[in-house]
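Here is a friendly briefing to read alongside the model. Please keep the sequence and the 3D view open as you go.

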Amino acid sequence: MISANKDKNDLVLTTKMHPVADQIKAIKQLVSNYKQGIKSQVLLGATGTGKTFTIANVIEKLQTNTLIIVHNKTLAAQLYGEFKSLFKNNNVEYYISYFDFYQPEAYLPQNDTYIEKNAQRNNDIEMMRLSTINSLANSKKVIVIASVAAIYASVSPADYDLYKLFLKKGDKINYKKLKYDLVKLQYERNEIDLKPGTFRIRGDLLEIAPGTSDSYIIRISLFGDEIESIHFVDPLTGSITQKVTYCIIPPANEYIMNDEKFDVSIKRINNELNERVKYFKDNKKLLEAQRIEQRTKSDIESLKELGYCNGIENYSRHLELREEGETPFTIFDYFKDDNWLLVIDESHMTIPQIRGMYNTDHNRKLSLVDYGFRLPSALDNRPLNFDEFNKKIKHVIYCSATPNEYEIDQSHGLVVEQIVRPTGLVDPTIEIHKTKYQIDHLISKLKEQIAKNEKTFITVLTIKLAETLTDYLKNQKIKVAYLHHGLKPLQRAKIIQELRMGKYDVIVGINLLREGLDVPEVSLICIFDADKPGFFRNDKALIQIFGRVSRNVNGHIIMYADKITADMQKAIDETNRRRNIQLKYNKLHNIIPKTIIKDIRNDLVLWEKAELYEDTYKVKNASKIKQTKAVAKLRKEMLEAAKQQEYEKAAFIRDLIIELEANLQKS
């Protein structure tokens, strides 16, 4: 939101829910540790204990800016929706990659293949990113939900602050200069369609659609060269929603060119180009020398003429006058005080992803540099490396049901446990069965499940076993479906929904750790090859699998194995430890647990519609015109779903758009 003469409220939870069970103790401990100056702590929250609500209460009590990072966009969207509902009257922002589709620039020397960057930006997400930056720059209390895109480079806070435009009622202005300043802030004049990042002039009225929001327009009335009034206006009805005495207009785009640095920046790019051409020629690499010279000179001309060029981010070190290897600016730099809080959700997944992103990015760009497609300074357009990331942290809470040793070590063993669920549900019972006659044993258990009208997950290690087992169960007249890597997200979600609706009784899969598999109707999980070494059968992976039945009162695990491995024993011991704590609490408080009742939303119409699009437009003979129309129609539906906070639905449609656009690129 654009700043106006209105005080920001404190962070206040807008919910009738209150902390219960272990949440009360966890909130108290986390807040106390923070206030004692402890930098790092772990919230070990068993699946279904309400970690999100606990963190929300911690934020309210600390009253500090908070950044919550999670390892993928889907979970980020879910968290954003939850925190928006918990803090309805506060600034809750959303900061993820603004690409719906992204194919990074790359060069494959083994087959001499250059891949040009191909990306589809999402204007709504770009607007939300800009809103995040603006809120942090102008507001005192902000909660930001982000994906790991948070560690990628962003605009310098100094440059962003420098180019904000301050307008106040009664001020004398130069009308021509005001228009120039808006263009400098990347606003485009558009007299017809006033969308975010545009402005229009009608007589003595100047209307500005801020780049940070599509929910209001700023209408500035002029009397001669004086600002007579400033109003916020509803973009749909044109009615005035708020009258203010001043407003701050931020840039319309996340990336702003600093004109004062421009000449120096161009000189630096030219100097590096000359050094690079000399290097290639000295090493008899004439093709590379010609390639880098032609490309860079073309980019410089575009920068001089338009203030922009394709791949401008690769010159960010020079445009921001940074030194080689200097840490790039990120969203972290907008958290300016020492009291801000970082929450890393699903830390067992998020931390390894953050740790690996720098090297992945560096290795890809190194080939581009070595073969003359980019200057070496392109290597400084990068995510934070892991050391830089850690240096940004002031206070951090690592949240996970299965934290890694790294998080525990960083917190010096300070682990706040949240084991007891508000529902009274306890961790599952565990049974180990020999692999001999395992299929016969499985069939008997599945028949018991079907008789009780309860559902089952089966997890195996290989595609072949999954397919063979699924076919065998079908021959036994068991309603079964197979989840595998070849299924699209839409198809995967549809199968899970149909399990809940009764079309299937059993799902067989290889990786049942994925989000979206919290199905309360599932009371049994059968794990084949439980004693085989590897990621999918280590102790943390097993505990995550066990958590899939933590929402059912009859939760039970069967592990088919001929020996008990160290990882199996760790998972069993930890699960039994948690179960004993939960049972003791229930007995003390006379709690009788009940299976969670979760509404089954019938999204089958959506899926059937999406599949119709695929059948109609994604066939080999479909014309580009039809495919393009399908993409445009789907994009409108995606944006509408996002506005209605139906993030799961929006994500499904987004995935279909990506598939259609990829198909268009090939055709």
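Ile 230 is buried, because its relative accessible area is 0% and buried means under 20%, with exposed over 50% and partly exposed in between (1.4 Å probe, protein chains only). This is a predicted model, in which local features need pLDDT of at least 70 and side-chain atom pairs count only at pLDDT 80 or more, while totals for chains, interfaces and linings use all residues. Residues are numbered from 1 along each chain as its sequence is written, and side-chain values use heavy atoms, with hydrogens and water left out.

- Ile 230 sits in strand β14, which covers residues 226-233; helices (H or I, at least four residues) and strands (E, at least two) are DSSP runs numbered from the N terminus.
- Leaving aside residues up to four places away in sequence, Ile 230 touches several residues, including Leu 167, Ile 218, Val 244 and Tyr 246; contact here means heavy atoms within 4.5 Å.
- From C-alpha to C-alpha, Ile 230 and Glu 207 are 9.8 Å apart in space, and they are 23 residues apart in sequence.

**The chain as a whole**

- The chain has 20 helices and 25 strands.
- Of the 667 residues in the chain, 52% are buried.
- Taking contacts between residues at least 6 apart in sequence, 75% join residues at least 24 apart.

**Two packed helices**

- Helix α13 (residues 438-451) packs against helix α14 (residues 463-475) at an angle of about 55 degrees, and their axes are 12 Å apart. Axes are lines fitted to C-alpha atoms, for helices over the stretch in contact, and angles run from 0 to 180 degrees between N-to-C directions.
- The helices α13 and α14 are therefore oblique to each other, since angles under 35 degrees count as roughly parallel, over 145 as roughly antiparallel, 65 to 115 as roughly perpendicular and the rest as oblique.
- On the α13 side, Ile 439, Leu 442, Ile 443 and Leu 446 meet Leu 469, Tyr 472 and Leu 473 of α14.
- Sorted by class, the contact of α13 with α14 has 7 nonpolar residues, no polar and no charged ones. Here Ala, Val, Leu, Ile, Met, Phe, Trp, Tyr, Cys and Pro count as nonpolar, Asp, Glu, Lys and Arg as charged, and the others, Gly among them, as polar.

**Aromatic pairs**

- The structure holds 13 aromatic pairs. Rings of Phe, Tyr and Trp (its six-membered ring) pair if their centres lie within 6.5 Å; planes under 30 degrees apart count as stacked, over 60 as edge-to-face and the rest as tilted.
- Tyr 114 and Phe 373 form a stacked pair, because their ring centres are 4.6 Å apart and their planes are at 5 degrees.
- This pair links distant parts of the chain, 259 residues apart: Tyr 114 is in strand β6, and Phe 373 is in the loop between α10 and α11.
- Tyr 114 counts as partly exposed at 28% relative accessibility, whereas Phe 373 counts as buried at 9%.
- Phe 386 and Tyr 406 have ring centres 5.5 Å apart and planes at 50 degrees, so this pair is tilted.
- Phe 386 lies in helix α11 and Tyr 406 in helix α12, 20 residues apart.
- Phe 386 counts as buried, at 12% relative accessibility.
- Ring pairs link Phe 386 and Tyr 406 with Phe 332, Phe 335, Trp 340 and Phe 389 into a cluster.

**Val 553 in a loop**

- Val 553 is placed in the loop between α16 and β25, and counts as partly exposed at 39% relative accessibility.
- Val 553 touches Leu 425, Pro 593, Lys 594 and Thr 595, not counting residues up to four places away in sequence.
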